Amino acid sequence: MTEKNVRVRFAPSPTGALHIGGAHTALFNWLWARRRGGAFILRVEDTDAERSTAEYEDTIMDGLKWLGLDWDEGPDVGGAFGPYRQSERMDLYRKYAEQLLDEGKAYREDGAVIFRTPVGVSLVIEDEIYGDIKIQSEKASVNQDGSVKDIVIIKRDGMPTYNYAVVVDDHAMDISWVIRGEDHISNTPKQMLLYRALGWEMPRFAHLPMILGKDKKKLSKRHGATSVFEYNDMGYLPDSVFNFLALLGWSPGGGIEIFDRDEAVRSFELSKVIKKPAVFDMDKLNYVNQEHLKTMDPVLKKRIVEPFWRELGLKPERHADQYLMDALTLMGARGRTTKELAEFSDYFVDFSPVKERYDASDITPEQRGTLKKFFAAFMSMPEWESGSMEAFARNWCEANGASLKEVALPLRWALTGRKVSPGVFEVAQLLGRDECGTRLKHFDFVD
RNA sequence: GGUCCCAUCGUCCAGCGGUCUAGGACACCGCCCUUUCAAGGCGGCGACACGAGUUCGAACCUCGUUGGGACCGCCA
């Protein structure tokens, strides 16, 4: 086993936020680096001076952090192979372009440096995922009419092109595996030609299947949420998005679908990644999110739901942390996103949304009479505990020829303003006797 | 148009020549549980694109057809 250390990189261009496709390839690179105890490198490909911005660079880094993907070398943390922004590596690109020029493998034209595409060379991409892909060098770069086209390596503005910079950097940064989207397969032959011309050893390639929208087309803005942060705003946990994305093109086997980062790292294998493109399915994401929500620590859950309560105009700070955590625990699996959780539990935070939703107009005078009798006794129970409340309610109904629903449903409406909620008596217990009294009195269910 | 890639339930994955009358999960539909809704339990619906080979035997190998996709910028 003399295989060299794993060094992989995620190389986004700062021309937009971190989107789902980028997050997916970053994730797989990270998984492979962590699995093999190697290094995950972040390299910013900002050679498009027009569209690249420092803001986007920050957004991308924030997106990676949000997903829990940490890098060992990058523009912010540095490293032995820096700098990590292509715009800061110009001398390197010039140096090798000079070399190619000297060797007659490239020529100048309109201020640009252009590499002569060789003809008659058989290339084979030994892809870790797709297997061997064979192609002739003259097919590597062509015009629309199919004629051979030379490859621009330095643009007129002095900036290197993607296909050239990526080769120089992957070599200079000692990248051992190039793991990227399948849409780059067609670029690979051009890059291999450059490696050959420069006399460099090639890294190993692994192309990942694309992520498609419902229409089976490459995922893009028109498929809805594109930035990973939009998922945060919709109430998805980073752990869930990580889990869900890892499941696109790969599975740990054994029927396991819900896992955390460590578990994913432990069972990840590049060779188990499949070739078929995957459709991004929101239903599955919802399910995965719900599963992660189920096992989430209450302290963390409260912290993450709080902003969503505030967004609804509620004031969670009026309550003790423990009370809010208890409320969330009571909510259980009701809600697939933190946003839903916040909505569905609003009545624990404030009474006002209850009043907005319910006005007791469905209660007939006769029913009200029964309710008043029941609640008068209910409110003066010696012990304010859900178990005894239920026992009391059942006995009372039995004795008065009523069904439990006749009192439980109005109670739920009065307390929550909703037709669904956790068990009413547990809700009542948590809200407390005084608060329940207030709410019942508001609807004139008790004097 | 050219080059390349892909092809198992609607979707995500298992399957890597025989144990497949193809398994799990999501979604969907029933039933159970129950003061409601989730959750949970049980069950149902539902796929190897097609055609030739190879082989004693093919979802798995080969070829073709069909269907889908990606790429063909001095963008990355």
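How many salt bridges does the count come to? In this predicted model, the count comes to 32 salt bridges. Here are some close-ups.

**View 1. Glu269 pairs up with Arg35.** The closest N and O atoms of this salt bridge are 3.1 Å apart. Arg35 belongs to helix 1 (residues 20-35), while Glu269 sits in the loop between helix 8 (261-267) and strand 11 (278-279), so the bridge ties together parts that are 234 residues apart in sequence. Glu269 is partly exposed at 23% relative accessibility, and Arg35 is partly exposed at 35%.

**View 2. Glu128 meets Arg204 in a salt bridge.** Here the N to O distance is 3.2 Å. Glu128 comes from the loop between strand 5 (122-127) and strand 6 (131-136) and Arg204 from strand 9 (residues 204-208), so this pair ties together parts 76 residues apart in sequence. Glu128 is partly exposed, at 27% relative accessibility, and so is Arg204, at 39%.

**View 3. Lys284 and Glu257 form a salt bridge at 2.8 Å, N to O.** Lys284 is in helix 9 (residues 282-294) and Glu257 in the loop between helix 7 (238-246) and helix 8, 27 residues apart.

**View 4. A salt-bridge network takes in Arg9, Arg43, Glu45, Arg89, Asp169 and Asp170.**

**View 5. Glu55, Asp58, Asp62 and Asp76 make a negative surface patch.** Asp58 is found in helix 2 (residues 54-67) and is partly exposed, with a relative accessible area of 40%.

**View 6. Helix 5 (residues 188-198) is mostly covered.** Of its 11 residues, 10 are buried, including Met192, Leu193 and Tyr195.

How values were computed: Residues numbered from 1 in each chain as written. Chains lettered and ligands numbered in written order. Predicted model: local features only at pLDDT ≥ 70, side-chain atom pairs only at ≥ 80, totals over all residues. Heavy atoms only, no water. Patch = residues over 30% accessible without salt bridge, like charges linked within 9 Å, V, L, I, M, F, W, Y side chains within 5 Å. Areas by Shrake-Rupley, 256 points an atom, 1.4 Å probe, with all protein chains shown as cover. Salt bridge = Lys/Arg side-chain N within 4 Å of Asp/Glu carboxyl O. Lys, Arg positive; Asp, Glu negative; His and termini not counted. Charge placed at Lys NZ, Arg CZ, Asp CG, Glu CD. Helix = DSSP H or I, 4+ residues; strand = E, 2+ residues; numbered from the N terminus. Buried < 20%, exposed > 50% of the residue type's maximum accessible area, 1.4 Å probe, protein only.
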